[in-house]
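Here is a briefing on the model shown below.

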Number of protein chains: 2
Amino acid sequence: MAEREAFFLDHAWAMIQNEGVLNLQMAKLAHRCEYSVGTLYQHFTSKEDLLVALATRSVGQRLSLYQRAAAWQAPTRFRILAVVLADILFAQQSPEYFQLAQYVSTHTIWMAASHERRELALEASQPLGDLVASIVQDARHSGDMQDSQLNDRELCSGLWAMCEGMHSLVSAAGLLEAHSVPRPYQLLIIQAHALLNGLNWQPLMDLQDAGQQDRLLERIMAELFDEFPLSACPAGSSPV
Amino acid sequence: MAEREAFFLDHAWAMIQNEGVLNLQMAKLAHRCEYSVGTLYQHFTSKEDLLVALATRSVGQRLSLYQRAAAWQAPTRFRILAVVLADILFAQQSPEYFQLAQYVSTHTIWMAASHERRELALEASQPLGDLVASIVQDARHSGDMQDSQLNDRELCSGLWAMCEGMHSLVSAAGLLEAHSVPRPYQLLIIQAHALLNGLNWQPLMDLQDAGQQDRLLERIMAELFDEFPLSACPAGSSPV
DNA sequence: ATGATTTTTGAATGAGGTTCATAATTGCTC
DNA sequence: GAGCAATTATGAACCTCATTCAAAAATCAT
């Protein structure tokens with residue numbers, strides 16, 4: 001049963017990658033899977049429900065990238081930045097996923113999914129939060145972070161929002177260009193450094209020293225994400 | 001002609017506020033405006049096109065709040081924070097608008113609108129960017145800000161992304177609660193302070209001193225946004 | 001083998017976005 | 001102001017799907 005659900009989702013994902021979210025049709029999907037429409041609807045209460053399920057499933061892939069960052073033997077500040085980089089790389093590698101995730105987390109779509117499905121989605125996102133929180137905890141223990149006002153989750157909420165927000169801005173084609181903001185993901189890295197500096201997360205990064213920032217990025221790419229093309233790295237020189 | 005377009009948009013907005021974005025029907029809208037469906041389609045190439053037009057129009061209301069912040073006789077750092085607060089207040093005052101804006105800036109919807117409509121939307125958003133950029137310029141002149149790596153727009157991109165991102169996270173019901181992040185807008189203020197500190201935007205704010213932050217917020221509320229209920233202010237004590 | 005229960009099916013339903021042939025109106029000329 | 005051309009408005013018809021549900025098929029229990 002769970003197997004068939006996965007089967008449906010596999011094919012739905014393939015269809016979305018070919019034809020976009022808007023063109024996914026329940027009847028086509030059922031036909032492609034050689035099941036009837038009714039059977040499809042036994043698994044998903046609605047199309048939106050299926051989309052949320054799909055987005056939920058992809059969290060796993062994202063997590064595996066994040067985990068490299070969390071498990072890295074490096075100062076906590078580097079590790080948290082590596083998470084941001086993982087986020088960026090994944091967004092560039094699977095733009096369809098981000099498009100879907102964004103569409104799904106829209107109030108309009110989110111609320112159209114079943115309550116159970118939403119709960120499952122929230123549960124699935126927990127490991128991502130846990131992972132980031134664990135880095136914060138390490139940072140507190142090692143003395144890299146001294147803040148006492150915010151708990152582990154709250155501390156990262158700004159960084160989280162910033163990443164999410166930049167993805168949103170990027171996906172509205174033309175918006176950033178219209179506002180003279182090219183290379184959004186390079187900027188995201190710089191702004192993330194600024195935020196982490198502001199939170200007093202040691203070791204601080206000199207924002208005026210682009211070379212130092214690039215070297216760190218390149219190191220993370222080499223040590224954690226070496227299978228990604230260098231062009232994916234939002235460094236100062238490359239036009240990402 | 002432009003008058004009739006505005007007429008359509010007025011009624012569309014009213015209908016969305018009553019019944020939500022998903023329940024807006026082109027035929028109902030036309031009927032309510034006492035025009036035929038065909039006439040409606042002379043103004044908007046599709047439903048998505050209309051939604052983008054609607055979102056575009058609402059930028060004006062948002063702008064008027066931002067302008068108070070920009071025109072305020074106060075240090076630039078206070079003014080930029082006032083912009084963030086204006087954003088939050090507007091989001092709380094017009095949740096329908098933000099829901100719409102978010103829905104519309106989804107790749108899926110955005111790309112379904114006509115090219116011309118998208119251009120208009122981008123143009124309409126310029127004043128918001130200009131306004132923020134002008135504050136940055138003042139900050140550079142007065143010496144509050146010394147960064148030389150980023151231009152005026154780029155400098156604020158992180159703050160912009162952070163605000164957008166937090167709105168996104170808030171609108172996915174249950175997501176923040178699931179991650180132990182209550183009172184998102186209070187957090188947004190704190191994180192904005194952290195980011196501004198990191199950018200070295202003077203005068204720096206002591207992140208550990210919640211009282212000082214609250215006093216600033218209350219001052220902005222009193223001097224700029226006194227018609228808003230105090231409960232709208234995301235201060236430390238109130239449970240927003 | 002037979003009846004009961006569960007699962008599957010896909011044609012039918014219905015909702016609603018979009019189109020386009022027709023009708024109405026406006027503008028122009030003599 | 002009559003006649004004609006050009007423009008604009010109309011809304012029924014069309015078409016695309018998501019969703020449902022009565023009937024058929026498959027499975028299980030005795």
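A compact globule of 240 residues would have a radius of gyration near 18 Å, and chain A has 20 Å, which agrees. That radius is taken over C-alpha atoms, and the globule rule is 2.2 Å times the number of residues to the power 0.38. This is a predicted model: local features need pLDDT of at least 70, side-chain atom pairs count only at pLDDT 80 or more, and totals for chains, interfaces and linings use all residues. Residues are numbered from 1 along each chain as its sequence is written, while chains are lettered from A and ligands numbered from 1 in the order in which they are written.

**Fold of chain A**

- Chain A has twelve helices and zero strands. Helices (H or I, at least four residues) and strands (E, at least two) are DSSP runs, numbered from the N terminus.
- The C-alpha trace of chain A spans about 60 × 35 × 30 Å along its principal axes.
- Of the 240 residues in chain A, 45% are buried. A residue is buried if 20 or more other C-beta atoms lie within 10 Å of its own, exposed if 12 or fewer, and partly exposed in between, with C-beta atoms placed from the backbone.
- Take the contacts in chain A between residues at least 6 apart in sequence: 64% join residues at least 24 apart. Two residues are in contact if their C-beta atoms, placed from the backbone, lie within 7 Å.

**Pairing of chains A and B**

- Chain A gives 49 residues to the contact, and chain B gives 50 residues.
- On the side of chain A that touches chain B, the elements giving two or more residues include helix H8 (115–142), helix H9 (152–171) and helix H11 (184–198). H9(A) supplies the largest share, 13 residues.
- By class, this side of chain A has 22 nonpolar, 22 polar and five charged residues. Ala, Val, Leu, Ile, Met, Phe, Trp, Tyr, Cys and Pro count as nonpolar, Asp, Glu, Lys and Arg as charged, and the others, Gly among them, as polar.

**Helix H11 of chain B**

- The 15 residues of helix H11 (residues 184–198) of chain B should span 21 Å at 1.5 Å a residue, and its end C-alpha atoms are 20 Å apart, which agrees. The expected span is 1.5 Å times one less than the number of residues.
- H11(B) is mostly covered, with 15 of its 15 residues buried.

**Surfaces near the DNA**

- DNA strand C is surrounded by 14 residues, the closest being A:Ser36, A:Gly38, B:Gln25, B:Gly38 and B:Ser46. Near means that the C-beta atom, placed from the backbone, lies within 6 Å of the strand.
- H3(A) gives the largest share of the surface near DNA strand C, four residues.
- DNA strand D also has 14 residues around it, and A:Gln25, A:Gly38, A:Ser46, B:Ser36 and B:Gly38 come nearest.
- Near DNA strand D, the largest share, four residues, comes from H3(B).
- The surface near DNA strand D has six nonpolar, seven polar and one charged residues.
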